Amino acid sequence: MSLMETVINIPAEHMANIFGQFDAYMKKIERTFHVTIVVREDGMKLLGSQQETDRAARVLTQLFELSRRGSQITEQNVDYAIALTFEEKESAMAEIDRELICHTMNGKPVKPKTLGQKSYVDQIQEKMIVFGIGPAGTGKTYLAMAMAITAFRNEEVGRIILTRPAIEAGEKLGFLPGDLQSKVDPYLRPLYDALYQIMGAESFQKNMEKGLIEVAPLAYMRGRTLDNAFIILDEAQNTTPAQMKMFLTRIGFGSKVVITGDATQKDLAPGAASGLDVALKVLRKVEEIGICQLTSSDVVRHPLVQRIVKAYEDYEKKQPLPGTDAEVRRTRGTAQRPAKRAGRGRQHAGR
């Protein structure tokens, strides 16, 4: 294999951002593409096979474009740039970065970071009702919250309504002290966190007192008509079919709705149907309803979270479906093995 040399002109002021702390990103690119990167005064030189140096150069060019626009390069940016290069979609990286939703209180830009997230944001802009389905860390709630706050600031809607089912995640909390608001606050804390980060605690409290922002359990929605509002239903996988139907029939004129959920993290009683699953089947062909399916490749938390989500996806794909012959055989085998061991123990004791 012949050794090829590729030269990229990247200004020195962007190299620290692109290379990461202790050159961690550069080392990852070198390991992934089996190339050697040599820093020069006017850029950098890549040594390796023709195909691999071309790919590495395209990744570095994408990262430079992000840095040039003022973005702080993260490990997630590097991993996603590498993945897009293998899929021959590297031009999408610059397109994704152009979509600015808003800024947080600290001045940090809120943007979609993957193709899946961009599709999700686009559908929220275009459709009246959008289902955002995907694993933890894909930005379902955060991006919906950013879109809601932006629409509220632009006076596209008159208020923001945030709701989720008040159900424990696999454990009973028991009696909670305080008034009614204090009792439901623990269930709604993730929504408060996103609001504080984007809007600020002071602005949030002021608008909450005016009734322009409402954070409430799903049970409070019955009997209401929600006009001129941006409504977010979070953790929708924990709704019952009746609750989901009740919520969807509350929507009034001038409103926009985003429903988020992760079908793999249900906290309903065993055997109970999820309102999210039923709604996706019933409403799949209804116009003005968008369904965006995010995947492990759209996870934008710590890269380890992405690997955890992917590992669980792979594991669950290998498990037999409930009711199939394989599942029945596995269940019977599990139930019979302890009985056989107990029988052998009794026979031995008799002898």
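Author: The protein has 13 helices and 11 strands. This is a predicted model, where local features need pLDDT of at least 70 and side-chain atom pairs count only at pLDDT 80 or more, while totals for chains, interfaces and linings use all residues. Residues are numbered from 1 along each chain as its sequence is written, and side-chain values use heavy atoms, with hydrogens and water left out.

Reader: What makes something a helix or a strand here?

Author: Both are DSSP runs numbered from the N terminus: a helix is H or I over at least four residues, a strand is E over at least two. Helix α12, for one, covers residues 303–318, and Ile308 lies in it.

Reader: Why is Ile308 called partly exposed?

Author: Buried means under 20% relative accessible area and exposed means over 50%, with partly exposed in between (1.4 Å probe, protein chains only). Ile308 has 42% relative accessibility, so it counts as partly exposed.

Reader: How much of the protein counts as buried?

Author: Of the 351 residues, 46% do. In helix α1 (residues 12–19), for example, His14, Met15, Asn17, Ile18 and Phe19 are buried. Their cover includes α2 (24–33), β2 (36–40), β3 (43–48) and α3 (50–68). After α1 comes Gly20, with a positive phi near 80°.

Reader: And which residues of helix α10 are buried?

Author: In α10 (residues 241–248) they are Met244, Met246, Phe247 and Leu248. These pack against β6 (129–133), β7, β9, β10 (256–261) and α11 (275–283).

Reader: What makes a group of residues a nonpolar core?

Author: The members must be buried Ala, Val, Leu, Ile, Met, Phe, Trp, Tyr or Cys residues, joined through side-chain atoms within 4.5 Å. The largest such core has 34 residues, and Met145, Val215 and Phe230 touch the most other members. Elements giving it two or more residues are α6 (115–126), α7 (140–153), β7 (159–164), α8 (180–199), β8 (213–217) and β9 (229–233). The largest share, 9 residues, comes from α7. A second, separate core of 28 residues includes Met44, Leu63, Phe64 and Leu84.

Reader: What does Phe230 touch?

Author: Contact means heavy atoms within 4.5 Å. Leaving out residues up to four places away in sequence, the partners of Phe230 include Ile124, Ala144, Met147, Lys256 and Val258.

Reader: What share of the contacts in the protein with a separation of 6 or more comes from residues 24 or more positions apart?

Author: Such residues account for 69% of those contacts.
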